[in-house]
Amino acid sequence: MMINALPPALIMILGGLLVPLFKGRARQALLLLLPVISFINLLQIPVGSHWILPFLSDQIVLGRVDKLSLIFGYIFHLIAFLSAIYALHVDDTVQNVAGTVYAGAALGAIFAGDMFTLFVFWELLTISATFLILARRTERALGAGFRYFMVHVAGGLCLLAGIIMHVSQTGSAAFDLIGLGTIASWLIFIGIGVNCAWPVLHPWLTDAYPEATITGTVFLSAFTTKTAIYALARAFPGTEELIFIGATMAAFPIFYAVIENDLRRVLAYSLINQVGFMVVGIGIGTALSINGAIAHAFNDILFKGLLFMTMGAVMYRTGKINATDLGGLYKSMPWTCAFCIVGAASISAFPLFSGFVSKSMVMEAAALGEMRWVWFILLFASAGVFHHAGIKIPFFAFFSHDSGIRCKEAPPHMLLAMGISAALCILIGCFPQYLYSLLPYTIDYQPYTTSHVLAQTQLLFFSALAFTLLLLAGIYPAEIRSINVDADWIYRKGCRQIYRFSRWAFDGINEWANRTFAQQFTSLLAQFFEDPGANLQKHGYRLLVETSGIEGQHEQTIRKISIRSRTASYPVGIGVLLAVLILALTSMLLFLM
Amino acid sequence: MSQLPIDIDEKPPIDIDEELGMFDKPENVKRLLRIFYTCVVLLLVVDIFYHKHAIFAWEGYFGFYAVYGFVACVILVIVAKYVLRPMVMRKEDHYDD
């Protein structure tokens, strides 16, 4: 079918590559226009599969447009646009290009109808994201970016291996429901899991996001994990393993978030916690739970983006991000503070804020499926997320003790981006039906029942009560300048040990081989071949003497051998005998061969 | 208090004691806390009169969500502070050698 539009990812990626040709205002205009043009282009594409091209024995599909890919397409354009506004002051070609291409790669991945296209955009996502981290240009960012790249390349290879096996087994590269079973499906599952920040595979996220540039982190928080959520929703809905993985993701990061000092790292942990809810929703696999997972992904992109924007603004103005250095900023940055509270209320799922209308869908689906433990863990995670993201972030940055920092309010373009995001969070929270109409399944879900509102309000207020009382009692853990080791210890310290061990082992072998073969053995050989005939005789003679035990003047005989050899004064008979022996030897060798 | 603002306005440096914000005054904080405690008590009182329609039976018990929210957060903080922190906390230069 011919349509008057371009493949969904093309405008952002090609446009992003054209960015270096422009400067100043023109570049700013281009960066703002690209998501808008790309969005208008997306609206021109009818539902269905487009841009089907032959590839090897199969075909690639550049644009599979259905309800599932469309909702991700909408929110990705929205956040790309908001991030572009937020990053308007950034005059750094690396970041400008990487941010735009990164958003384009995410679009390419979610509209990919086959696994090869998915893989290509998956890798482009990794490459462009790495540049957003490296662009911070600090030593830590360099290390974090390198680790980010290595982990994602490993995950990507796992995915590629799975794809190749899957295609050769099933004969089709179409990216549809896969389900767990074969080794190939497990490899694809784990490959997606790396991007989804599953437990133990997760530390790339909490390692790299807080080290990226101020604006880079806003981009990063939106695309990589949500693309993975899309891939899971497409290929593994209803996979029971996801329920356990998701529940773990929802629970464990909140403990880390409570004791973490770097506020952007706190948000990184809470990002994993929120993605946990989505993974559980996909794992349950009912229409309600998958809708809930996707609605929550939509909302999370907005409120997590908003929270990262506010912390970025604080960092932009003060140059600090650790809770120990901040506090009392509500006077200097009142608007940023207000937007941060909106983001905090949304992530905590306060009634009338966006999180309320999506998180509860997953929880209700778990309850309807009689999954008691999952439900209890998710409820614990809901209380916990309010605790660390809802209260801790705004409290330590804007209130708490006065840090003495006096700075300007965030620049207007940042305020605009934060303001639009905050408005959308409230809008979705108050009028969820617009979001619900975009979801892949048609369901009748009513978030605003008296029971639900009351239950959620009680949960949150008593969580807040716990925070207040613990803080007043001095039990709440004081922020300490420190880092907390996570699973990345395995490769950050562990690999160093492996390196040390292999250096010890292999250097030892090397040393020994050098000593034995290069030095001792060659010198022995050299000594021997200096005078091979005499040496042979001398050693033969010594052997004979020692075995037979003949007494006599051996030293004299040996000296005689040396002299005879040096002056080449062998009796003629012996010379002839040796020559004949050599001839016999060579002819025997010749005939035997 | 010695940290200098990164971004110095054209205005002369502000004396912190002169410009007390809303939340720097203890009486304001107290007032805020009193409002908060009242809300908390009210929410519990409401629970006596309104029976929640729930999927699980225990959701309808008096004060279930309130108690769960409170206890969950206390456990969260206690475990994070006394179990997790001693296990995982390292100096800031832990990875820098």
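The largest nonpolar core of this predicted model comprises 213 residues, where a nonpolar core is a set of buried Ala, Val, Leu, Ile, Met, Phe, Trp, Tyr and Cys residues joined through side-chain atoms within 4.5 Å. Buried denotes under 20% relative accessible area, exposed over 50%, and partly exposed the range in between, with a 1.4 Å probe and protein chains only. The residues with the most contacts inside this core are Phe72(A), Phe223(A), Leu232(A), Val279(A), Phe398(A) and Met418(A). Helix α12 of chain A (residues 287–318) gives the most to the core, with 18 residues; helices (H or I, at least four residues) and strands (E, at least two) are DSSP runs numbered from the N terminus.

The model is predicted, so that local features need pLDDT of at least 70 and side-chain atom pairs count only at pLDDT 80 or more, whereas totals for chains, interfaces and linings use all residues; side-chain values use heavy atoms, with hydrogens and water left out. Residues are numbered from 1 along each chain as its sequence is written, and chains are lettered from A and ligands numbered from 1 in the order in which they are written.

Helix α3 of chain A (residues 67–86) packs against α12(A) at an angle of about 10°, with the axes 10 Å apart. Axes are lines fitted to C-alpha atoms, for helices over the stretch in contact, and angles run from 0 to 180 degrees between N-to-C directions. The helices α3(A) and α12(A) are therefore roughly parallel to each other. On the α3(A) side, residues making the contact include Leu68(A), Ile71(A), Phe72(A), Ile75(A) and Phe76(A), and the α12(A) side includes Ile294(A), Ala297(A), Phe298(A), Ile301(A) and Leu302(A); contact means heavy atoms within 4.5 Å. Angles under 35 degrees count as roughly parallel, over 145 as roughly antiparallel, 65 to 115 as roughly perpendicular and the rest as oblique.

A further pairing involves α3(A) and helix α9 of chain A (residues 214–235), whose axes come within 10 Å and cross at roughly 175°. The two helices α3(A) and α9(A) are therefore roughly antiparallel. Among the α3(A) residues in this contact are Leu68(A), Phe72(A), Phe76(A), Ile79(A) and Ala80(A), while α9(A) contributes residues including Val218(A), Phe219(A), Ala222(A), Phe223(A) and Tyr230(A). With residues up to four places away in sequence not counted, Phe223(A) touches Phe76(A), Ile79(A), Ala80(A), Tyr102(A), Ala103(A) and Ala106(A).

Strands β1 (residues 48–55) and β2 (residues 58–65) of chain A pair in the antiparallel sense over 7 bridges; two strands pair if DSSP finds at least two bridges between them. Gly48(A) stands opposite Val65(A) in β2(A), and Phe55(A) has Asp58(A) as its bridge partner in β2(A). The two strands form a hairpin with 2 residues between them, and in the turn Leu56(A) has a positive phi of about 50°. Of the 8 residues of β2(A), 6 are buried, so β2(A) is largely enclosed by the rest of the structure.

Positive phi values also occur in loops of chain A. Ala349(A), in the loop between α13 and α14 (354–368), has phi near 65° and counts as buried at 3% relative accessibility. Ser400(A), in the loop between α15 (372–398) and α16 (412–430), has phi near 50°; at 32% relative accessibility, Ser400(A) counts as partly exposed.

Two further buried positions were examined. Leu31(A) lies in helix α2 (residues 24–43) of chain A and counts as buried at 13% relative accessibility. Leaving aside neighbours within four places in sequence, Leu31(A) is in contact with Val19(A), Ala84(A), Asn96(A) and Thr100(A). Asp325(A) is placed in the loop between α12 and α13 (334–347) of chain A and is buried, with a relative accessible area of 11%. With neighbours within four places in sequence again set aside, Asp325(A) is in contact with Lys320(A), Ser403(A), Ile405(A) and Arg481(A).

At the level of domains, the assignment for chain A gives domain 1 (237–484), domain 2 (488–520) and domain 3 (532–593), with bounds that come from an automatic or database domain assignment. The centres of domain 1 and domain 3 of chain A, taken over C-alpha atoms, are separated by 92 Å.

Chain B contains 2 helices and 1 strand, which follow the pattern α-α-β along the sequence. Buried residues make up 29% of the 97 residues in chain B.
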